[in-house]
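Have the coordinates open while you read.

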Amino acid sequence: MKIAQKQAIAFMLAEMRTEIEASRLLTWEAAWKIDQHHEDAFSEAYLANTGATDMAMTVTDRAVQILGGHGYIREHPVEMWMRNGRGFATFTGLAIV
Amino acid sequence: MPIEFEAPKPIANQQFVLKTVAEEMMRSRSRYFDEHEHEIPFDYIEFMQTVKRATGAGSLVPREEKKEEDPNKPKRPPIGYQMLAHIAEALAWGDVGMYLCTPGGMLGAAAVQAAGTPEQKEKFLTRFLGEKPVFDAMCMTEAGAGSDTSAIRTSAVLDKATNEWVLNGEKIFVTAGDKSLTPYEKFDNGFIVVWATLDPKAGRAGMRAFVVEAGTPGVRVEKLEHKLGIRCSDTATIVLQDARVPFDHILGSPTIATDTSKGFKGAMATFDATRPLVAAGGIGVARAALEFVKEKLAENGVVIRHGLPRQKLTSIERDVIDMEIMLKSAWLMIIKAVWMADNRKSNALESSMSKVKAGDVTTKITQKVVEILGPLGYSREFLAEKWFRDAKITDIYEGTGQINRLVVARQILEYSGKDLR
């Protein structure tokens, strides 16, 4: 039996996909609001940014966890994505708005 | 295709009316109906029937577009389900229990809409446009079959002598079962859609849905549940004892009546359509709670400073911002799922994801709101504690959070029900 056939793993994958989708839609809406010069473009962009930085950490952490030792070693890129994901919380991306 | 985040005009135009109904008819009596479980909000129901006849508002079944073909007029994209999501959200913001009492097409009608033939739609759905309110219900769950619907044991046997189906079994947790079956003077006859098996050995492939009219001999409401929340909405146990229904009350084309080799996708098709709408109701409750706590914080001089880095925010600011992120992104997932349903795109993944997310965020947000408000949150003086109780149902009915996670996982892994149980 594959590990993805276990609910403990499958549910994590479902949640990861759901969180990515949630963040993506919020980001698209924020971008659309900036294009429209919408009055809450600023706060929406802030929410999208904050949400995405959290999401990136949750999802990459889960990915490392699911792969176990294989997620932790540098032979595979997953631990790198987790490290790279950590950077977003410290970037001052909001300067562009 | 360009992405559009503006609500279509017909939807935007009705927001004000919905808010007024939610405030005047629902919010003001929210506490009363919470404390008087099993009382029926007749005046809300009758008011909504009038509104519904004029506008089509409130039903889980989108109105068929009128077929007036004017070649000069540009074709508008279909927005039926999107409209319903907005209505569910706005009315649940008023009171979700009362919203569930909105007459004229809930889950039973949604099943007829999703799986019925044109003749069946004509026969069962036109009654909702009459003068008196009509209710309908979906009977799926049994004492021995919850999320594992293939374990359903209610049976349907064809009596060849009379060409009738004979139904036997007991259904529990039927939303609006009482209003659909009990002959209240102020309502017209409703119906229930009963899921039964033609062959218990066939598992899910043997399952079919039958429309059972109110007043059918052998059908009775056995009891009504007392619940944590959505107390205004009745939850019934229904017993079927040699209940006879005409042959053509089996949902779908007649050939599905005999061939159990192929499964009947009707139930799942219904869920794809209704899950985002149920999720939208949850979002309405969460928005009510979030708006309330923001109002109370503002009254107490707390300003939420959007734009500051996390480390400069107070704990309450972080909580409020996190709740805003959850609420907005969950809502967008619903809008995407209903947009896909309107445009006849397969939305099993998006529909279940929107329900997973909404179940999570409505329970988290309402719980956090109770926490931030402290004694005010826990007290029955305000509605925060009630919203906290109401919210939890979002993660349970129309597929629990776990079942929807299963559906999502199967979709993204391309697994069958056998690969991932």
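Predicted model: local features only at pLDDT ≥ 70, side-chain atom pairs only at ≥ 80, totals over all residues.

**Notes on the two chains**

1. Let me start with F88(A), which sits in the segment after helix 4 (78–87) of chain A; helices here are DSSP runs of H or I with at least four residues, strands are runs of E with at least two, and both are numbered from the N terminus. Residues are numbered from 1 along each chain as its sequence is written, while chains are lettered from A and ligands numbered from 1 in the order in which they are written.

2. The scale calls a residue buried if 20 or more other C-beta atoms lie within 10 Å of its own, exposed if 12 or fewer, and partly exposed in between, with C-beta atoms placed from the backbone. Setting aside residues up to four places away in sequence, F88(A) touches A52(A), T53(A) and A56(A); a contact means C-beta atoms, placed from the backbone, within 7 Å.

3. Chain A as a whole has four helices and zero strands. Its radius of gyration, taken over C-alpha atoms, is 16 Å, whereas a compact globule of 97 residues would have one near 13 Å; that rule is 2.2 Å times the number of residues to the power 0.38. The C-alpha atoms of chain A fill a box of roughly 50 × 25 × 15 Å along the principal axes. Buried residues make up 31% of the chain's 97 residues. Of the contacts in chain A between residues at least 6 apart in sequence, 48% join residues at least 24 apart.

4. Chain B comes to 13 helices and seven strands. Its radius of gyration is 22 Å, close to the 22 Å from the globule rule for 421 residues, so chain B is as compact as a globular protein of that length. In chain B, 49% of the 421 residues count as buried. For contacts in chain B between residues at least 6 apart in sequence, 76% join residues at least 24 apart.

5. Which residues have the most contacts inside the largest nonpolar core? They are L91(B), V194(B), F210(B) and I334(B), in a core of 132 residues. Helix 9 (residues 315–342) of chain B gives the most to this core, with 16 residues. A core here is a set of buried Ala, Val, Leu, Ile, Met, Phe, Trp, Tyr and Cys residues joined through C-beta atoms within 7 Å. Beyond its neighbours within four places in sequence, F210(B) has contacts that include W165(B), V194(B), H249(B) and I250(B).

6. At the interface, the contact takes 23 residues from chain B and 24 residues from chain A. On the chain B side, helix 9, helix 10 (348–373) and helix 13 (401–413) each supply at least two residues. Helix 9 of chain B has the largest share of that side, nine residues.

7. Have a look at helix 1 (residues 9–26) of chain B. At 1.5 Å a residue, its 18 residues should span 26 Å, and the end C-alpha atoms are 25 Å apart, which agrees; the expected span is 1.5 Å times one less than the number of residues. Helix 1 of chain B also bends by about 35° at Q15(B), the bend being the angle between axes fitted to the seven residues ending there and the seven starting there. L18(B), V21(B), A22(B) and M26(B) are buried in helix 1 of chain B. The buried residues of this helix pack against helix 2 (30–35), helix 3 (42–55) and helix 4 (80–99) of chain B.

8. Two backbone spots deserve a check. Most residues other than glycine have a negative phi. A176(B), however, has phi near 65°; A176(B) lies in the loop between strand 3 (164–175) and helix 7 (177–181) of chain B, and is buried, with 24 other C-beta atoms within 10 Å. E398(B) has phi near 55° and lies in the loop between helix 12 (384–391) and helix 13 of chain B. E398(B) counts as buried, with 24 C-beta neighbours inside 10 Å.

9. Helix 12 of chain B is mostly covered, with seven of its eight residues buried. Among them are the charged-type names E385(B), K386(B) and D390(B), since Asp, Glu, Lys and Arg count as charged.

Note on methods. Contact = placed C-beta atoms within 7 Å.
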